[in-house]
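Have the model open as you read.

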Amino acid sequence: MKADSQSIYLSVPSVQELRSFRNWKAAMATFQDVQAAVHDIAARLNVTPELARAALINPVLALEELGFELDLSGRLELEDRARFSKKQIVERKSLRKKIFAASGHEFDPGQEHDLAVVLFDELKLVDDTSKRPDLSPLSLPMRKVRYSTSKVKVAKVKASEIARQFPGKAKGKSVAGIDPSLIEPVKIPDPLEALGKAHKIISPLLAYRQLDASTPRFATEALYRAVRTGKRRLVNITPRAVVTGTA
């Protein structure tokens, strides 16, 4: 996590401090509140390795377990910063602004239930329940790779970068020889497209859902609990919370 300080590594607290951390509960309403308490959060994660591991796959649930109840804007801000690049964050916020203006209020467009309430209960876009499109989050897409036949020098990139951008490696091609600019995004078919131009909210929603599907989402609560209790393990990961840089 980030805070207005230099990089520090927090040492393991004493038994008395540990008891104090476990007994401490705070109702934090905003993302800024969490930022202000970042040192305490890091310390508490560092004395509970199982919680720290679970926090890697869903920081929102980890914060809730620590007693931090984020409001809607706080959850969206945390998800933006944890999952997306700066450029993508700007785009997501711009799309959300359009979605909120069209709906008349703020909500989480990434939550199937919340989206259904807005589209079907409030805006009445589809009365027949049997004809309502599936609003489940879109699946993470495969990536298409173009190969340059010219003699232009191909940038060397780390295998980890390629693995992050697409799950498979093209047959007969060296991972180190693929230019990231040649990796083409794939548009995912969205059932919401069936509503077409039924309302001005549809266009920004379609773009928002495509962007949301471009990076891995936070783990489900079931997977979070499995990691938290040790039933599922994250291989070769020993997390340590560090406070570094600026927010």
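## Space and packing inside

The largest cavity holds about 60 Å³ of space. This is a predicted model, and a search through the whole structure turns up 1 cavity of 30 Å³ or more.

Now for the nonpolar cores. The largest has 21 residues, and the members touching the most others are Ile41, Leu45, Leu63 and Phe68. Two or more residues come from each of helices H2 (31-36), H3 (38-46), H4 (49-57), H5 (59-65) and H11 (221-228). H4 is the top contributor, giving 5 residues.

| Core | Residues in core | Some members |
|---|---|---|
| Largest nonpolar core | 21 residues | Ile41, Leu45, Leu63, Phe68 |

Over to a single residue: is serine 203 buried or exposed? Serine 203 counts as exposed because its relative accessible area is 54%, and the cut-off for exposed is over 50%. You'll find serine 203 in helix H10, which covers residues 202-212. Look across to lysine 98 as well: in sequence, lysine 98 and serine 203 are 105 residues apart, yet in space their C-alpha atoms are 9.4 Å apart.

Terms used:
Residues numbered from 1 in each chain as written. Predicted model: local features only at pLDDT ≥ 70, side-chain atom pairs only at ≥ 80, totals over all residues. Heavy atoms only, no water. Core = buried A, V, L, I, M, F, W, Y, C linked by side-chain atoms within 4.5 Å. Buried < 20%, exposed > 50% of the residue type's maximum accessible area, 1.4 Å probe, protein only. Helix = DSSP H or I, 4+ residues; strand = E, 2+ residues; numbered from the N terminus. 1 Å grid on protein atoms, 1.4 Å probe; cavity = no way out; pocket = protein on both sides within 12 Å on 5 of 7 lines; lining within 4 Å. Points joined across faces, edges and corners; volume = space filled by probe spheres on them.
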